[in-house]
Amino acid sequence: MYHDRVTVWVVFTKDFVLEPFFFDISITEETYLKMLKESVIHQLKIKNALESTLFQQDGAPPHIYRPVKKLLEETFGSNIICRHFENNW
């Protein structure tokens, strides 16, 4: 059963779109971290796209959760655009 509210999150590049993610709950720091670890980064590795990806996000609380920031920095280095990272947008 789904809640009345659904959040959709999608990753896209100039070459491909990863499958969208549907959350029938609010996205928490932990659910965002889990999605990045188990799906997004994994799919980008399969497509050999980690090094060429410029990861962009806003400053929503799940995006600036310390473990999320650490994972993104370890994975994308300086290829992150976010107001809480080196490349502010």
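Reply: Helix H1 is followed by Asn-48, a residue whose phi is positive, near 50°. Helices here are DSSP runs of H or I with at least four residues, strands are runs of E with at least two, and both are numbered from the N terminus. This is a predicted model, in which local features need pLDDT of at least 70 and side-chain atom pairs count only at pLDDT 80 or more, while totals for chains, interfaces and linings use all residues. Residues are numbered from 1 along each chain as its sequence is written, and side-chain values use heavy atoms, with hydrogens and water left out.

Asn-48 has this positive phi although it is not a glycine. Most residues other than glycine have a negative phi. Asn-48 sits in the loop between H1 and E3 and counts as exposed because its relative accessibility is 70%. Exposed means over 50% relative accessible area, buried under 20%, and partly exposed in between, with a 1.4 Å probe and protein chains only.

H1 itself covers residues 29-46; its 18 residues should span 26 Å at 1.5 Å a residue, and its end C-alpha atoms are 25 Å apart, which agrees. The expected span is 1.5 Å times one less than the number of residues. H1 bends by about 40° at Leu-36, the bend being the angle between axes fitted to the seven residues ending there and the seven starting there.

Buried residues of H1 include Tyr-32, Leu-36 and Ile-41. Their cover includes strands E1 (7-9) and E2 (21-23), along with E3 and H2.

H1 and H2 pack at an angle of about 15°, with axes 10 Å apart. Axes are lines fitted to C-alpha atoms, for helices over the stretch in contact, and angles run from 0 to 180 degrees between N-to-C directions. The two helices are therefore roughly parallel to each other, a label for angles under 35 degrees. Among the H1 residues that meet H2 are Leu-33, Leu-36 and Leu-44, and the H2 side includes Val-68, Leu-71 and Phe-76.

Val-68 lies in H2 and counts as buried, because its relative accessibility is 0%. Leaving aside neighbours within four places in sequence, Val-68 is in contact (heavy atoms within 4.5 Å) with Glu-29, Tyr-32, Leu-33, Leu-36, Pro-62 and His-63. His-63 belongs to the loop between E3 (55-56) and H2 (66-76), and is buried at a relative accessible area of 11%.

How values were computed. Angles under 35 degrees count as roughly parallel, over 145 as roughly antiparallel, 65 to 115 as roughly perpendicular and the rest as oblique.
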